[in-house]
Amino acid sequence: MKSHIEFRYLVNMDRMDKTDLYELMTAYGDDVRKYAYAITKNREQAKDIAQEVFLKVFRSVGSFKGESSMKTWLFTITRNLAINELKSSYMRRIVLFGWVKPQKNVRSAEMDYLTEQSVREIRDIIMKLPSKLREVLILTLEHELTMAEIAKLVNVSEGTVKSRLHRARQIVNRKWRVTEP
């Protein structure tokens with residue numbers, strides 16, 4: 001598999017071949033799907049959006065100018081498609097996702113239960129955040145984007161990203177403290 005930096009050769013290409021597409025999907029497919037899921041809260045929609053992202057890239061790779069990283073470019077496409085899907089979709093159900101994982105070194109059934117309960121509660125809290133706060137928190141925690149990358153992706157200033165991230169963390173911490181036994 002190619003490293004993320006090696007995809008810079010796609011800048012200003014008119015066409016990509018199936019091997020390039022496969023390598024791009026292998027490198028970024030999970031990230032794109034997870035980001036689409038973070039926006040839509042629906043696994044099936046996220047899978048469909050991820051497929052559409054890569055079809056769009058395959059058809060219009062020439063629009064990649066290299067002004068951002070490949071990941072940020074893919075996330076921009078993902079975000080636009082996901083938001084359009086949400087606007088046109090009647091499905092609004094909340095689906096929890098598994099990026100908050102319990103620790104592996106639990107010792108008893110009671111600890112397993114408590115850990116699983118904690119994970120569910122944190123997921124619930126995060127998924128109930130306002131979309132602007134949830135998005136920056138997930139882009140930071142799950143996808144490890146920088147403040148600058150997030151700012152460019154969501155089309156706001158870095159200061160706004162920092163502010164949203166701070167508010168998201170405050171809300172999660174405050175609500176988590178309320179739910180703790």
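Author: Welcome! In this predicted model, two rings of Phe, Tyr or Trp count as a pair if their centres lie within 6.5 Å. A search of the whole structure finds two such aromatic pairs.

Reader: What makes the pair of tyrosine 35 and phenylalanine 75 stacked?

Author: Stacked requires planes under 30 degrees apart. The planes of tyrosine 35 and phenylalanine 75 are 25 degrees apart, with 4.7 Å centre to centre, and the pair is stacked. This pair links distant parts of the chain, 40 residues apart: tyrosine 35 belongs to helix H1 (residues 18–40) and phenylalanine 75 to helix H3 (residues 70–88).

Reader: Why is the pair of phenylalanine 64 and tryptophan 73 called tilted?

Author: Stacked needs under 30 degrees and edge-to-face over 60, with the rest tilted. The planes of phenylalanine 64 and tryptophan 73 meet at 40 degrees, with ring centres 4.9 Å apart, so this pair is tilted.

Reader: How do you know that tryptophan 73 is buried?

Author: The cut-off for buried is under 20% relative accessible area. Tryptophan 73 has 12%, so it counts as buried.

Reader: What makes arginine 43 lie over the ring of tyrosine 37?

Author: The distance part of the rule asks for CZ of Arg within 6 Å of the ring centre. Arginine 43 lies over the face of tyrosine 37 at 4.9 Å from that centre.

Reader: Why are the buried residues of H6 said to be on the same side?

Author: In helix H6 (residues 147–154), the buried residues are Ile150, Ala151, Leu153 and Val154. They cover an arc of only 165 degrees around the axis, so they sit on the same side of H6.

Conventions:
Residues numbered from 1 in each chain as written. Predicted model: local features only at pLDDT ≥ 70, side-chain atom pairs only at ≥ 80, totals over all residues. Heavy atoms only, no water. Phe/Tyr/Trp six-rings, centres within 6.5 Å; stacked < 30°, edge-to-face > 60°. Helix = DSSP H or I, 4+ residues; strand = E, 2+ residues; numbered from the N terminus. Buried < 20%, exposed > 50% of the residue type's maximum accessible area, 1.4 Å probe, protein only. Lys NZ or Arg CZ within 6 Å of the ring centre and 35° of its normal. Arc of directions from axis to C-beta.
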